[in-house]
Amino acid sequence: MSASELAGRRVLVVGLARSGTAAAEVLVGRGATVIGFDRDESLDAGRLPELGVELHRGREEERLLQGIDLVVKSPGVPGETLLVTGARERGVPVWSEIELGSRLLSNPILGVTGTNGKTTTSELLGAVFRAAGRPVEVVGNVGRPLTSLVGTVSDDAWVVCELSSFQLEDVSTLRPRVAVLTNLEPDHLDRHGTFERYAAIKLTLFERQRADDVAIVPRGFGPVPGAARRVEFAADDELPAEPLIPGAHNRENAAAATAAARAIGVPDDAIGRALETFPGVEHRIEAVATVAGVLYVNDSKATNAAAALRALASFPGRRKHVILGGRGKAEPYDALAAAFEPGDRAYLIGEAAPQLAAALEAADVPHLAAGTMERGLAEAAAAASAGDVVLLSPACASFDQFTSFEHRGEEFRSLVQKLPGWGLDDARTGASSSSGC
């Protein structure tokens, strides 16, 4: 089925958060009959009912597939769910929200994927385009669904699309004119099973690229699928300007963005202006405040061990009080524990606390089973001295105690603002930075 054949078709949208809602709205606009399903019985369906979307919540029922011509799957929905597997058994096409959006948009797409750094790289590329006076939209895993652009974006705009492994499932026609891989490390093994499977899904971004497209990859990275011209980058590349956001990992993000921008003809002076002024992204090694000489840093987007390692490396020689934990992703924590410096201490929260504790004990890292963010921050603040860093860098997903990594980071900020001494001259830290996790 092509995008031009949606009118009159019955389409089941599975998962009605941001991506699913945007997909349902676009499908209605294309004349499809839309049935929406979400497991969350309390989900606010917004304006979908008034658009004529038939809504179902709670338990999955295979009867919802009767007469269905297409299933559109939100990224948070695993491929093993009853409705998705049932659709495949019936020969019903399954598209991701990204697949639907890419079929409906004629704009050139600059796709960015990777384990860490993709959000910072995507947002930095948006700043580069704007510095050059070129129309651009930044969408995807950063929060705004690709399908939300349908019917609203100018034809000459580039679309910078951050793509998670979840979003790259069930993509069959997406062809980015420029595709960027920031790095590739173990993540989401709880969903994908093995690193090999996870990596293969990430690399599907390159599969349909042609000889006149560009593949941007880390220096020395192995072969990628597709026929695109290959361009490599590294943290020590010569850049048009030094990036405002600190850290070797962010210089690597800047090198990736620079390579991508140059590939489509953005001049170096515009790239340089963006690098010198881009402040970073919320929840990525974001300096929240300095209270009584202690720096409080929100790195809630560090949802895997590799991202937390980058955060630890950003404060060498400073004693760190690190809040760790959440919902684990079936990855080891030995390397993370080994990265703690003498004097550092960990405060464990959430479901993964026992696994983190075992790794920290083996590495002789002092730690406390705090249980909650509130207690973890209170204990860290009580133990910290002037010059220390209290760092939220969980190395885990947020969904055991919070609705999202943003919710977790906002809770950390709120708790910091309640500390004794907040509101004094040194309490607000103007600069922020980004780990780009």
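The exercises below concern a predicted model of one protein chain.

**Exercise 1.** Decide which radius of gyration a compact globule with 437 residues would have, and compare the protein chain with that value.

Solution. The rule takes 2.2 Å times the number of residues to the power 0.38. For 437 residues this puts a compact globule near 22 Å. The protein chain has 22 Å, so the value agrees with the rule. As a further description of extent, the C-alpha atoms fill a box of roughly 65 × 50 × 40 Å along the principal axes.

**Exercise 2.** Describe the secondary structure, burial and contacts of the protein chain.

Solution. Start with the elements: the chain holds 14 helices and 17 strands. Next, take burial: 57% of the 437 residues count as buried. Then take the contacts with a separation of 6 or more: 65% of them come from residues 24 or more positions apart.

**Exercise 3.** Determine how the charged side chains are counted and placed.

Solution. The count gives 44 positive and 58 negative side chains. The centres of the two sets lie 3 Å apart.

**Exercise 4.** Is S96 buried or exposed, and what does S96 touch?

Solution. First locate the residue: S96 belongs to strand 5, residues 94-96. Its relative accessibility is 3%. Buried means under 20%, so S96 counts as buried. Leaving aside residues up to four places away in sequence, S96 touches V72, K73, Q167, E169, D170 and V171. Finally, a polar atom of the S96 side chain lies 3.0 Å from the backbone nitrogen of E99.

Notes
Residues are numbered from 1 along each chain as its sequence is written. This is a predicted model: local features need pLDDT of at least 70, side-chain atom pairs count only at pLDDT 80 or more; totals for chains, interfaces and linings use all residues. Side-chain values use heavy atoms; hydrogens and water are left out. Helices (H or I, at least four residues) and strands (E, at least two) are DSSP runs, numbered from the N terminus. Buried means under 20% relative accessible area, exposed over 50%, partly exposed in between (1.4 Å probe, protein chains only). Contact means heavy atoms within 4.5 Å. Lys and Arg count as positive and Asp and Glu as negative; His and the chain ends are not counted. The place of a charge is taken as NZ of Lys, CZ of Arg, CG of Asp or CD of Glu. A polar contact is a pair of N or O atoms within 3.5 Å; within protein, one must be able to donate a hydrogen and the other to accept it, and residues adjacent in sequence count only if both atoms are side-chain atoms.
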